[in-house]
Every structure is written in structure tokens, then in C-alpha cells.
Amino acid sequence: MAEETLLTDDFLRQLINVGEVDILVGLRTHNNATTIEPVIRAIQAGILKCFPRERVVIINADGGSQDRTPERIVGASIDDVWSVSKVYALRTLHSISTRYSSSPEPGTALRTILAAAELLRAKACVVISPDSTTIEPDWLQKLVRPIYADNFDLVSPIYRRHKFEGVLMRDLLYPMTRTIYGYGVREPYASEFAISGRLATDFLTKEFWNDERSRAGAEIYLTIAAITGNYRVCQSFLGPKAHSDRGASDLVAAMRRTVGALFSSLDSNFPLWSTIVGSQPVPTLGAQFEVMLEPVRVNRKRLREMFATGVAQLEPVFRSILSVSTLSELQKIAALEVDQFIYPADLWTKTVFEFAASYHKSVISRDHIVQALVPLYRGRTLTLLLENRGSSGEDIERNLESLCGDFERLKPYLLELWADRK
Amino acid sequence: MSLKRQAGWYKDAIIYQVHVRTFSDSNGDGIGDFQGLAQRLDYVQELGVTAIWLMPFYPSPLRDDGYDISDYRSVHPSYGTLEDFKTFLSVAHDRGIRVVIEMVANHTSDQHPWFLESRSSQSNPRRDWYVWSDTDTRYSGTRIIFLDTEMSNWAWDPISKSYYWHRFFSHQPDLNYDNPAVREEMWNVMKFWLELGVDGFRLDAVPYLIEREGTSCENLPETHDVIRELRKKVDDQFPGAMLLAEANQWPADLRPYFGNGDEFHMAFHFPLMPRMFMGLRLEDRKPITEILQQTPEIPASCQWCLFLRNHDELTLEMVTDIERDYMYDLYASDKTMRLNLGIRRRLAPLLDNDRRRIELMNGMLLSLPGTPIIYYGDEIGMGDNVYLGDRNGVRTPMQWSGGWNGGFSAADPESLYSPAILNPVYGFQAVNVLSQKRSQHSLLSWMKHIIQVRRSSPVFGSGSIEFLYPANHRVLAYVRQSGKETVLVVNNLSSAAQAVELDLRGYKGNILIEMFGRNVFPRIGDLPYLLTMGPYQFYWFKLRRI
């Protein structure tokens, strides 16, 4: 049993005191003292407002904060929320904290939270990002109610984003996941989500937990596990998502966590995904948002330079990953000036599939493969910026749907690569 | 024989609430009476209670179950005679059982001779015994209590062509306590019964005695003046007699009714009762500890009165809207179970006839600070009949045996004042005193035992309380202390077994002696004291330093 070695005695003692719960709210933290208070207030208000009768516990899995983040979570009194909202709590609300490690490991933090959810027999487990300062109390309801009332097993968020935000998600993770697994989850790697108790229990038994690299991408594994396990998946519109500056600069690490995990999942799931053709929409709840269209300043020249430099410097690496034709196309694009720059969707799709196949075959170190995708992703980002400068929300959606169409149309190409026939 | 009225007797009392009509019928007319009640006092004595509270037994048109009195100095003929009452009182006292009677002081029946005189003409000497007005606009800031039936607190009297004031039903005109003659006469009434030997009164509807323009006409300072005046007379002339306030208010609003120990001796703690039910269903001590934290200190001579159920609906006036909705959903999902702002059900059906929960609730009733009141029939787990109107479903005949009318009456079943409970679960053939007396493990036997244990220690009646707050919120734990005696009470509100760690370092060196089985538990040390508890289990431990 995973929890036997995962949970400390002190944490276990706290869990015994909490006892069985209906809803477990998980917070994975590491030095979040500056943002945690509005988040915890919103969670408490959401509990009071939407789940006054349910047994709820807030569990903080902390990765060695030095700024007293856990103390702020445990010390937040629900009476303060009550005095503002005048909504009364019927029950005791427990907030407990455990330090699972002295350094942050989001996958281990999630595993700790899920193990607690299993022990406490939570009907629903919702994970909230400690950076989500735009959180509203009703997020809790939007995430939990579909599990509670409609028997969904995974509720994935949809945020109101700026049209140039979440590019990695829209340009790679979403179309790739949708194409591979046949299910259009818009945020397959979400920082907020809710899962049912039965999915949590099942997910804890997965082998990938034992691999540190895989564990880092636990969220995407969770989405895949829900889809491949025939669990009921839905999406819920939440609202604007605060843009966290922390780690935004570390694109390589983000790619390893997300793209690496997604590529890795293809290995074991091949018998399943290889037979899937096309995709089906995911039930989506709530009022849809318009994307935000305000102009933003981006250093396009720098993006182009990073792309061109990457293509030039990593040519030996690309030769082992990409097909000759794809590399040749990329080199042509690298020579273009900013104003003429375009990295077409079908070429991007082929690039991603060739990377995925190379990852599968481990032609070089898998980490290096993912890392090598970073400059190409920057080039693709530049193309999106240029293409969508004047686009409306509808245009953005249409382009995204077209990209997904390319991914799905070219899926046989990926299968051929997988079978090593190219 | 008169039982000597000792000061403070009520603090250690255990009160049994009875309606004469419901308990035992001696003459076969289908209605319980004083002779029948007197014959059943052996049972009451065996149960172990130390006092009886009688609901109104005065002559009355019975349009509000006797709370509409038409003669304060007599007994309703259906229940017997004044002599029968005296005999009953004597037999009760012989058994060491005190008797508290109802005093409906705020209002009379509109059939009371005082009111008949008062309304007869505007110049009648008793005109000013009630509150009259030419308009129905005075005291407009006063709420209407019986919203379901009354449109106004004023009623038009076609005889004297003016309006009279009533806080309850329109057939219950309020007495005018601004009139010294009324106060004097009501004292004479109380003196009449005290001279017969009763041990105290439950004063009904006390917040409403006085009216003043521009106020809510509730809890007014002048009302407290009236109470202090009555109390002084009681203390001066009948020391040891007890006054119990019925005022359905928040604890902080009730506190003034204790005054400086110079108003009421006792008052019902209305908000605690629904929260005990709520805590049990939520499996969370929060509602109980919160309301007791909000309960102010009261003078040393005073006492709270605690109850689980009584003759009225389980009132939900003193809870928030969200709590009321929860209580309705969990305890009265069938809307016929609801009445006014409450739930008209008995204890056993409320708790799904779950013996463990019934025991736990009684365990808390008998160990929290206050004088407990047990409603007749709840000691055997009687059921109710929600299909009878008003609150009559919880006022059905006492179930003495599995025989004719449950042993309540020899009358034809059709002529009983109320049909007996007949269903297979709660009917008298399944639930009755006779069969439960024969079993050591019956609810009745268990109730006798716990009452005996409660009476074995003074801490429950007069001890202080200190709540422990173990991290496990499903466990309600407190320490009762009086003098050198200390008792630890631990209640598991959960339907599942629980482990709980109690911080008992302040009692280090003591051993725990479980009060029911007298088993010894390990000595308290420096570490948290670990207990494991079964579903709905509770412990009473006496702490001893040996």
C-alpha cells in the first residue's frame, strides 16, 4: 500500500482525527506565503457557501516552505470568513498540513493528497493551486459539484485566458492528447482539478509513481488515466486564471513535466491509442468565456533568434530526431525574417510526432529530446503571435480546431513512425 | 407528608415531565387522572427521578391543551378533584419525589371569570385586569408568535367593543401586570398551591408579562420587576420553593431572568437541545460546544434545565436558517412531521429507534451542566403519531403493558382521549413498561441504571465544566468538577469507531474509574491519553488519585 510508506506518523495521526470526509481540498505548496491567504479565504468561503453540510478537510502538502506557508494555511480561521460572509458553518473545518519533503516535488505532493483522500474515503478530492489569486469561492462548487451531483470522476478546468496565454497547452498538449486518446480535454495538465474518490484510489495504484521523471507529470498522467480507464470526464469553466510568474521562465522544466510525461504515456498505452480514430468532445459545464484580446508586447525578434539559433546549434541532435524533410523545412523557416516568419501547423504536427516517436525509441536521452523541442516551440509561438495579431475569439477557436484537425489527420504518420516504417 | 423544601434541591434533581391526562386512567373514562398518576408513582420512584413536572391540570376549555386556564385554584374534572391532587402530592412526597406544577401567568382563557367580568363593561372593576385598547395599532413593534393562526396581537371584543391584547391564541387574553391587583392575585394563586405543598412552578411565557409602546414587548425591565417581586415573596414565605422560567430565547437574552440570583432559580436552555440533535447527525461536536461557549455564567444558586424532548415540537426557533433546513431535512423529511418552526416527534423515532443513539443522547442530557428533564415515555422509547393534529402525536397514552389499551385505561379504545400507538415498531404491544421491566437489557433498565449513576455524584448537578478539545472533532469530551470530585465524560458522536487522544496532563497521576462498570483504566501520565470508542459510545470516568 502506497500510503504506508508515504505518510508520516504525525500526518496519519492528524488524518485519524479528521476521519471520513466528503470533500478533500488539497493545496500543494512551496513558499507561497505571499499568495496563499486569498486562496485559502476563497476556499473557506466556497465551503461555507456551497458545501455547508459536507464534511470537508483542507490538506496542505508542503515541499519545505521557509516562509511559514503551512502555518498560514492551518492558522486561517473560518470565523473570519463567517464574519464577512455571514454564512455559518455547521461543521468543524479541519485544516492540516504535512511536509512530505524538504524540496518541492509536485507529483509526490499530489500522491500524498490522494493517499489522504483514499484513507479518509473522500467522495471528491479537489486540488487548488496556491498561486491562484483570482480564485473565487464558486470555483469549489464548479469543480466539485459535477462529481458530487453528476457522478463525474474528473473535472478539468477551463480558464478565461488571454489569447496568447497557455500556448503550450493549446498548441501542443491539448491537440496531442486529444489526437492520441480521442478525448478533447482542454487543460490536460491543470493546476486545479477535482477527482472522484474511486479515481483517486485507482490512480494511486499506477506504476508511474515509482519513476521520478514520470511523477513530475502526474497531472497529465491523471487525465490520461481517467480517459483510458473509462472514467467520466468533464470540464468546468472557472474564470480568469492568475498568471504565476514563478517558474514561467523555466520552460525546459515545464516541457519535461508536461510534454515528457505525455510522450512517456504513449509507451504503455500504445495498444489503446493506436486504435483510436478521431476524437469526441468532453461535456463542458458552465458559461463559456470569451478569450481576452487586449494587445500585449512580445519581443518577436528575440523569439525568432531563439528559434534560428536552436535550429542551427541543435542540428546534430535534430538529425537523430527529425526526418530529413522536416529538418530541411525548419532550416528554411529559420532563414526567414520576422515579418515573413511562419511555422505551419502541419509541419508543427509532424515535428511533434517525430519527437514523440524518437522519445519512444530513446534515440538519445529522453530529457534531451524534450529539451530540443523548446526552440522549435518558440518558433511555433512566434507564428501564433503573428497569425493571430488581429484575430477574434472565434478566429482563435477556429485556428485551434484546425490545428487539432491536422493532428488527427496526421495520426497515421505517427503510427508509421512508431512502427519504424519511416 | 410534606417533603422538606431544601434550598437548591432543584440543582441535583432529575425531573420527569408528565401530563396527568396521558399517564394512567383510574376510573375507566379514557382520560388519565390524579388517582391513576398516584398509583403509578412506584414506577416513577423506581425510575430514579426525583421530581415530577405536571403540565396544566386546571379547569380549562382545553383549546390549548390546558394552557388556557379558566380557574387557577382547582383541578379539571376530567383529572379528578383537588382532594385527588392533594393525595397524589402526598404520595409523591412520601416517595421523596418533588412536584413542580405549571403556572400559566401571562394569560388566561377567555372563559375565565376574570375575563368575563373584564369584558362585561368598560366600568367593571376587573376591566383593567387585561390589556384593552380602542385601536389595534398600539405596540406595533411586537411580533406575532402564532403566525400560522393569528393575524394580530389584538382581538376585537364585540361585547365591550374594544380590542384586547393576546400574545398567543386570541382566546388567551393577556393579563395586565401593570395592575397591582393582578400581581397580587397571581401571587395568591401561587400561594394557594405552595400552601398545599407543591415544590415549585414552571412559569409559562414569562418574557411577555408587560407591554410598552415602542418596544418589542418582550424581556422588558418591568417584567423583571414583576418576577423579582414574586421571587421575594416565594423566598420570604416558602423558602426552598423553585421557579422555573419558560422563555424560548438565546442564552444571553435568558441570562437576565436569573438576575442576581433573585429572579428565576432555573430556566430552560432551549438552544442547546436542537444542537445536540444536530451534533449527533453531523457527527461533530461543534454545534454543542459553540452554544455552550456562548452560554453566560449564571449565579451559583441558579441552574439550567436541559431536555431532549417535551410536550411541544422540537423547537427550531433558536437556530440559524441553514441549521433549521438541515434539521428539517435530516429529522423531518416528511412535512407532516413539521409544525410551526419545529418538529413534532418523540425521541426514539427522531433517532430511528437506534438504541445506541438514544443512549448517547440521554448520556449527554444527564452529564452536561443542568437539571435534566425526561419526557414521559421516552424512558421506554415510545413512538409518536404524526397523523394526529397539532402536538397531540407526542401526547399519546403511556404504554404500561401489551394488554388492553396498553394498560393505560380500561375504557373502550375508541373512547380514549387519544388513540394509543399501535404500529408494530412503537405500538404498546412492542414497547411497554411491563416487558421492559422484565429485561435487564431493556431501555428502561438502562435508563434506571444511568439515572442511578448520575445520582451517585454531585458533580453532574452542581459541578463546573471544562471542555477538552481533542483534535478528533467527533468526540465531545468534558470534565465536570465539584469540590474534590472530578468526572471525565467522553462522547463519540460518530456512527463509526473512533480513536481519540485527550490532553489530561492537568490530571496527571489520577486513574480513571469507569462509572458504569467500575473498571479501572490506566493512570494518566504525560502523554496524550488514548481512548478507542465504539460507535456512539460514551464513557463517564471518575478520576481518582490513588
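User: What covers the buried residues of helix H9 of chain B?

Analyst: In this predicted model, the cover over the buried residues of H9(B) includes helix H10 (286-293), strand E10 (303-307), strand E11 (314-315), helix H11 (321-331), helix H12 (347-350) and helix H13 (355-365) of chain B.

User: Why is helix H9 (residues 272-282) of chain B called mostly covered?

Analyst: A residue counts as buried if 20 or more other C-beta atoms lie within 10 Å of its own, and 11 of the 11 residues of H9(B) are buried, so the description follows from that cut-off. Among the buried residues are Arg275(B) and Arg281(B), together with Leu272(B), Phe277(B) and Gly279(B). H9(B) is followed by Glu283(B), which has a positive phi near 55 degrees.

User: How do you know that strand E5 and strand E6 of chain B are paired, and what makes them a hairpin?

Analyst: Pairing requires at least two bridges between the strands; E5(B) (residues 154-157) and E6(B) have 4 bridges in the antiparallel sense, so they qualify under that criterion. Ala155(B) stands opposite Tyr164(B) in E6(B). The two strands form a hairpin with 4 residues between them, and Lys161(B) in the turn has a positive phi of about 55 degrees.

User: How do you know that strand E4 of chain B is also joined to E6(B)?

Analyst: E4(B) (residues 132-133) and E6(B) (residues 162-165) run antiparallel and are joined by 2 bridges, where at least two are needed, so this pair meets the criterion as well. Trp132(B) has Tyr164(B) as its bridge partner in E6(B), and Tyr164(B) also stands opposite Ala155(B).

User: What makes strands E15 and E20 of chain B the edges of their sheet?

Analyst: The sheet is open and has 6 strands in the order E15-E16-E17-E22-E19-E20 (chain B), with antiparallel pairing. Strand E15 (464-468) and strand E20 (520-521) each have a single partner strand, so one side of each is left without a neighbour in the sheet. For E15(B), the pairing with E16(B) (residues 475-482) is antiparallel over 5 bridges, and Phe467(B) has Tyr478(B) as its bridge partner in E16(B).

User: Where are the two domains of chain B, and how far apart do their centres lie?

Analyst: The assignment divides chain B into domain 1 (113-165) and domain 2 (460-544), and the C-alpha centres of these two domains lie 55 Å apart.

User: Why is chain A called as compact as a globular protein of its length?

Analyst: Chain A has 19 helices and 8 strands. Its radius of gyration is 22 Å, close to the 22 Å given by the globule rule for 422 residues, so chain A is as compact as a globular protein of that length. The C-alpha atoms of chain A fill a box of roughly 65 × 45 × 40 Å along the principal axes, and 50% of its 422 residues count as buried. Among contacts in chain A between residues at least 6 apart in sequence, 86% join residues at least 24 apart.

User: How do you know that strand E7 of chain A has parallel partners?

Analyst: E7(A) (residues 233-240) pairs with E5(A) (residues 154-160) in the parallel sense over 7 bridges, and 2 bridges join E7(A) to E8(A) (residues 284-285), again running parallel. At least two bridges are needed for a pair, so each of these counts as one. Arg160(A) has Pro240(A) as its bridge partner in E7(A), while Ser236(A) stands opposite Leu285(A) in E8(A).

Definitions and conventions: Residues are numbered from 1 along each chain as its sequence is written. Chains are lettered from A and ligands numbered from 1 in the order in which they are written. This is a predicted model: local features need pLDDT of at least 70, side-chain atom pairs count only at pLDDT 80 or more; totals for chains, interfaces and linings use all residues. Domain bounds come from an automatic or database domain assignment. The radius of gyration is taken over C-alpha atoms; the globule rule is 2.2 Å times the number of residues to the power 0.38. A residue is buried if 20 or more other C-beta atoms lie within 10 Å of its own, exposed if 12 or fewer, and partly exposed in between; C-beta atoms are placed from the backbone. Two residues are in contact if their C-beta atoms, placed from the backbone, lie within 7 Å.
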